[in-house]
Amino acid sequence: MRVHFIAIGGSAMHNLALALHAKGDVVSGSDDAIFEPSKTRLTQQGLLPEQEGWFPEKITSDIDAVILGMHAKGDNPELAKAKELGLKIYSYPEFIYEHSKNKTRVVIGGSHGKTTITSMILHVMHYHGVEVDYLVGAQLEGFDRMVNLTSENEFMLIEGDEYLSSALDLRPKFHLYQPNIALLSGIAWDHINVFPTFDNYVEQFRIFVDKIVNGGILIYNEEDAVINEIVENTKNPIRKLPYTTPEYSIDGGVTYLETPEGPMPLEVFGKHNLSNLSGAKWVCQNMGIDEEDFYEAIASFKGASKRLEKLCDNGSTVVFKDFAHSPSKVIATTEAVKMQYPNKKVIACLELHTYSSLNANFLSEYEGALAKADEAVVFYSLEALKIKRLDEISSEQMVNAFKKDNLVTYTNAADFRTYLDALDLDNTVLLFMSSGNYGGLDLNEFANNLIT
């Protein structure tokens, strides 16, 4: 099959391109900007476009499928040419469904935790030598790609993102997958540029539950009131399997999971991760892995990339980076770190740079989000506000929104770095939370300098 990607450089798109190339398909693509690590990974497989930009002449009648990324606009010249030629055009999730329509589709949904839960399931399957097709949102240890597609595997494990599919398809991605087995981890308002009210956002999860195939399975977090309401009111004839946070303890900086065989040490920590583990166990059991085998495998799970990833630990100072940026994720991550290190000072640094997080009307959602931190810093770029055409946010507005009196704010990357360099980090955990890079700060280099 010959496949062309419009916007091949995206995180998910380039991984799908690599997966199809590995499967033996002929892959081409275009993009107007490609960054690392996509650029290097595409180059290594001979898939990097020779020039950045859009080239309608690349679109020819012998192409079997065009895959349109969310980054591409509706007036994209390559898209126009594909329509003119009558080629089959897929959004990313449409193509994933087409590939997996004869497989058992396992879809992990929720506002938070879905990458970690998907990663946990993949780790367990990989540990026990069970091959599955998959689509996950983070690079995993032991896996070459974030996407794997085959013709022979029984299961397709999908991280079910609620964001929109493409410029032509404004449905949330996870509405297209029609799962046989689904999981919902929790619901907390996000993506307000697309879902302007909480009710509108919640409705997307109602639709997701209703799209589980008849007789399918929904595994859900019973501790989330919004999910409980959705589960109670769905008319879809499905099996409903609730899960809760399992019993655990913390001793000497190590989290122990209570199991039938006694306490078991884990590599991950935090109540939210224990809840994620509980959901992953139910999914694995419905994929043929018994409880004992699940525990054996999950003990070595170190976490997904950028999810409470430890950058350094010199005994006195510990540095973590985490992808958290929405209010619920910031709360969960900060609380987890403070519980794990109760005798250390916790300094939490949060970067706000998404449309939702920089919207003055959404800021109040962050009230109390950094309450567990001993010191807290919020970094945001005034230039980012201009680019997103949002109102400027003052330091006073940030402090009032977070309701934390000692909150410090920075809007300049150089000033923020000066602040970091002046910190006394003795007996301290420094936590960086962001889906960005603090205006160009190399966190790995910063952490390495603390060790040397």
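Trainee: Leaving aside its neighbours within four places in sequence, which residues is Leu-370 in contact with?

Mentor: In this predicted model, contact means heavy atoms within 4.5 Å. Once the neighbours within four places in sequence are set aside, the residues in contact with Leu-370 are Val-330, Thr-334, Ala-348, Leu-350, Ala-376, Val-378, Phe-402, Lys-404, Leu-407 and Met-433.

Trainee: Which residues have the most contacts inside the largest nonpolar core, and which helix gives the largest share of this core?

Mentor: The largest nonpolar core has 79 residues, and those with the most contacts inside it are Phe-5, Leu-16, Leu-352, Leu-370 and Phe-402. The largest share of this core, six residues, is contributed by residues 11–23, which is helix α1.

Trainee: How many residues are in the other core that lies apart from it?

Mentor: This other core includes Val-106, Leu-241, Leu-257 and Leu-266 among its members. Its number of residues is 40.

Trainee: Is strand β16 largely enclosed or largely open, and why?

Mentor: In a regular strand the side chains alternate between the two faces of the sheet. In β16, Thr-317, Val-319 and Lys-321 are buried on one side, and Val-318, Phe-320 and Asp-322 are buried on the other, which leaves both faces covered. Because six of the six residues of this strand, residues 317–322, are buried, β16 is largely enclosed by the rest of the structure.

Trainee: Which strand runs antiparallel to β16, and which runs parallel to it?

Mentor: Four bridges join β16 to β15, residues 309–313, in an antiparallel arrangement, with Cys-312 opposite Val-319. Six bridges join β16 to residues 428–433 in a parallel arrangement, and here Val-318 stands opposite Val-429.

Trainee: Which residue in the turn between β15 and β16 has a positive phi?

Mentor: The two strands form a hairpin with three residues between them. In that turn, a positive phi of about 95° belongs to Gly-315.

Trainee: How far apart are the end C-alpha atoms over residues 307–436?

Mentor: An unreviewed UniProt entry lists these residues as "domain: Mur ligase C-terminal". Over this range the chain is 28% helix and 25% strand, and the distance between the end C-alpha atoms is 13 Å.

Technical notes:
Residues are numbered from 1 along each chain as its sequence is written. This is a predicted model: local features need pLDDT of at least 70, side-chain atom pairs count only at pLDDT 80 or more; totals for chains, interfaces and linings use all residues. Side-chain values use heavy atoms; hydrogens and water are left out. Buried means under 20% relative accessible area, exposed over 50%, partly exposed in between (1.4 Å probe, protein chains only). Two strands pair if DSSP finds at least two bridges between them. A nonpolar core is a set of buried Ala, Val, Leu, Ile, Met, Phe, Trp, Tyr and Cys residues joined through side-chain atoms within 4.5 Å. UniProt positions are given in the numbering used here, feature names are shortened, and annotations may be inferred rather than shown by experiment.
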